[in-house]
Amino acid sequence: MVRLLASEVQQLLHNKYVVVLGDSVHRAVYKDLVLLLQKDCLLTHKQLRTKGELTFEKDQLMKGGELDTLHNRTDYREVREFCSDHHLVRFYFLTRVYSEYMETVLEELQSGTHAPDVIIMNSCLWDVSRYGRNSLSSYRQNLESLFGRMDQVLPKSCLLVWNTAMPLGDKIKAAFLPQKCKGQYRISVATLKKRVSQANFYSHAEATKRCFDVLDLNFHFRQAKKHLQGDGVHWNEHAHRRLSYLLLAHMADAWGVELPHRDPWEPDPVAWESPGLVEEWHPQANRGPQAFAQAPPMPLPRPRPLFPPPGLPLRPPPLLSCPLPPPQATPPLPLYPQDTYFSSDHVFHSDEFYIHSEGPSPPHTGYTFEGDFSFYPQPPVPNFRPPCHQRQAPVVHRGFPRRFAHGPYTPWRERPRRPQRHAPPCLESRPQ
């Protein structure tokens with residue numbers, strides 16, 4: 001997973017129309033994307049909990065929310081929009097994957113001045129918990145109707161990314177779930193988890209059948225439950241920033257755009273996926289004294305160099321809310337002249353995104369020195385290993401064969417045209 005700066009996200013989504021459809025979890029997806037288009041910082045806890053506000057980071061509440069009435073019924077509506085000179089992001093709150101309201105949203109998108117370039121969508125928790133005992137079967141039928149309509153309405157240039165529902169906690173206290181009072185059907189946590197797993201399976205199968213993309217968020221966050229909030233449904237700001245990076249990497253891969261190569265400088269996977277609290281281990285009383293001997297101290301980690309090896313860019317600046325690692329002593333290293341391209345204050349240009357080519361890329365060549373040629377005196381050259389920043393790609397399930405576009409704004413779902421064959425030119429007239 002590559003961390004992206006706000007300037008790079010602006011370049012990737014330049015002149016793009018992004019639509020986010022979903023529940024309160026995807027409202028936070030919309031908010032983090034809007035924030036990342038403007039600043040290199042994380043959402044606050046208050047921003048994650050607030051809903052229906054009139055404005056958020058220069059966006060505008062179009063319908064519902066505080067303009068109407070804030071409630072937790074299935075007819076709740078909220079439409080938000082962020083518009084800048086070269087970016088347009090819109091959010092629609094959904095309580096059911098396909099309904100009359102969803103049909104009006106599709107008609108609005110179809111009749112709008114601009115067609116959407118990207119649609120990020122999920123609807124699951126409300127569907128399987130607020131519509132009776134047969135909600136799972138009706139959810140499966142609504143999925144078929146939704147993807148069928150999407151295939152008819154959306155242009156071929158639109159990228160639809162269906163997100164699977166994220167994992168749930170062991171204790172769920174979300175306000176949208178039905179209560180025991182008022183004769184409503186109360187669903188248990190175990191039943192809700194089972195229904196979410198089945199709903200993810202149905203949505204994945206139906207989306208791939210229609211050649212739409214699926215981003216398996218349930219897989220990515222299956223062992224990161226320590227980033228869940230207290231209600232067991234919503235996630236904190238670190239999880240949503242990681243989610244935004246996965247979505248942006250998916251878009252870049254679909255458009256054939258290569259992201260900048262740099263050190264991801266992300267948390268250790270063990271620290272990211274480990275549980276929040278670790279139980280203390282109490283030795284038994286019948287163990288001998290050797291059982292209480294202290295373990296030998298672990299070796300200290302190797303200090304990181306002050307400057308990157310030649311040919312590697314600097315890592316991006318840390319986010320404001322992320323804790324910085326403690327300073328470590330580093331051995332002195334020789335100073336190397338720094339190129340202006342690797343400056344952390346430079347403005348991101350479009351040529352840093354380069355397009356995939358069908359031929360093999362040239363191998364990376366570092367700094368080489370001839371055996372019979374040397375300067376005297378010559379500073380010692382550290383033995384750096386060749387750069388290797390290949391990270392595992394996001395877990396996606398492609399329903400359509402991939403094709404690398406010739407530009408970041410070329411529709412990827414269109415079939416390539418066959419090359420025209422021209423007859424070879426005749427240099428001289430043939431004998432009769």
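Buried here means under 20% relative accessible area, exposed means over 50%, and partly exposed lies in between (1.4 Å probe, protein chains only). The structure is a predicted model, in which local features need pLDDT of at least 70 and side-chain atom pairs count only at pLDDT 80 or more, while totals for chains, interfaces and linings use all residues. Residues are numbered from 1 along each chain as its sequence is written, and side-chain values use heavy atoms, with hydrogens and water left out.

**Overall composition**

- The protein has ten helices and ten strands; helices (H or I, at least four residues) and strands (E, at least two) are DSSP runs, numbered from the N terminus.
- Of the 432 residues in the protein, 41% are buried.
- The protein exposes about 26,800 Å², and carbon and sulfur atoms supply 54% of that area; accessible areas come from the Shrake-Rupley method with a 1.4 Å probe, and for residues only the protein chains shown count as cover.
- Contact means heavy atoms within 4.5 Å. Among contacts between residues at least 6 apart in sequence, 76% join residues at least 24 apart.

- Two strands are said to pair if DSSP finds at least two bridges between them.
- Strand E1 (residues 16–22) is mostly covered, with seven of its seven residues buried.
- In a regular strand the side chains alternate between the two faces of the sheet.
- From E1, Lys16, Val18, Val20 and Gly22 point one way, while Tyr17, Val19 and Leu21 point the other way, and all are buried.
- E1 and E4 run parallel and are joined by seven bridges; within this pairing, Leu21 stands opposite Tyr92 in E4.
- E1 also pairs in the parallel sense with strand E5 (residues 118–121), over four bridges, and Val20 stands opposite Ile120 in E5.
- Strand E3 (residues 78–83) is mostly covered as well, five of its six residues being buried.
- Strand E2 (residues 60–64) pairs with E3 in the antiparallel sense over four bridges, and the bridge partner of Leu61 in E3 is Arg80.
- E3 pairs with strand E4 (residues 87–93) in the antiparallel sense over five bridges, with Cys83 opposite Leu88 in E4.
- E3 and E4 form a hairpin, with three residues between them.

**Helix H7**

- Helix H7 (residues 189–209) has 21 residues, which at 1.5 Å a residue should span 30 Å, and its end C-alpha atoms are 30 Å apart, in agreement. The expected span of a helix is 1.5 Å times one less than its number of residues.
- The buried residues of H7 are Leu192, Arg195, Val196, Ala199, Asn200, Ser203, Glu206 and Ala207.
- Seen down the axis of H7, these buried residues fall within an arc of 145 degrees, so they line one face of the helix; the arc is that of the directions from the helix axis to the C-beta atoms.
- On the other side of H7, the exposed residues are Ala190, Lys194, Phe201 and Lys209.
- The cover over the buried residues of H7 includes helix H5 (125–129), helix H6 (135–153), strand E6 (159–163), strand E7 (213–215) and helix H8 (217–220).
- Cys211 follows H7 and has a positive phi, near 65 degrees.

**Helix H9**

- Helix H9 (residues 237–255) has 19 residues and reaches 27 Å from its first C-alpha to its last, close to the 27 Å expected at 1.5 Å a residue.
- In H9, 16 of the 19 residues are buried, so the helix is largely enclosed by the rest of the structure.
- Gly256 follows H9, and its phi is positive, near 70 degrees.

**Leu106 in helix H4**

- Leu106 is found in helix H4 (residues 100–111) and is buried, with a relative accessible area of 0%.
- Leaving aside neighbours within four places in sequence, Leu106 is in contact with Arg149, Met150 and Val153.
- Leu106 and Arg149 are 43 residues apart along the chain, and their C-alpha atoms are separated by 8.4 Å.

**Cysteines**

- A disulfide is a covalent bond between the sulfur atoms of two cysteines.
- The rule applied is a pair of cysteine sulfur atoms within 2.5 Å, and by this rule the count comes to zero disulfides.
- Cys41 is buried, with a relative accessible area of 12%.
- Cys124 is also buried, with a relative accessible area of 1%.
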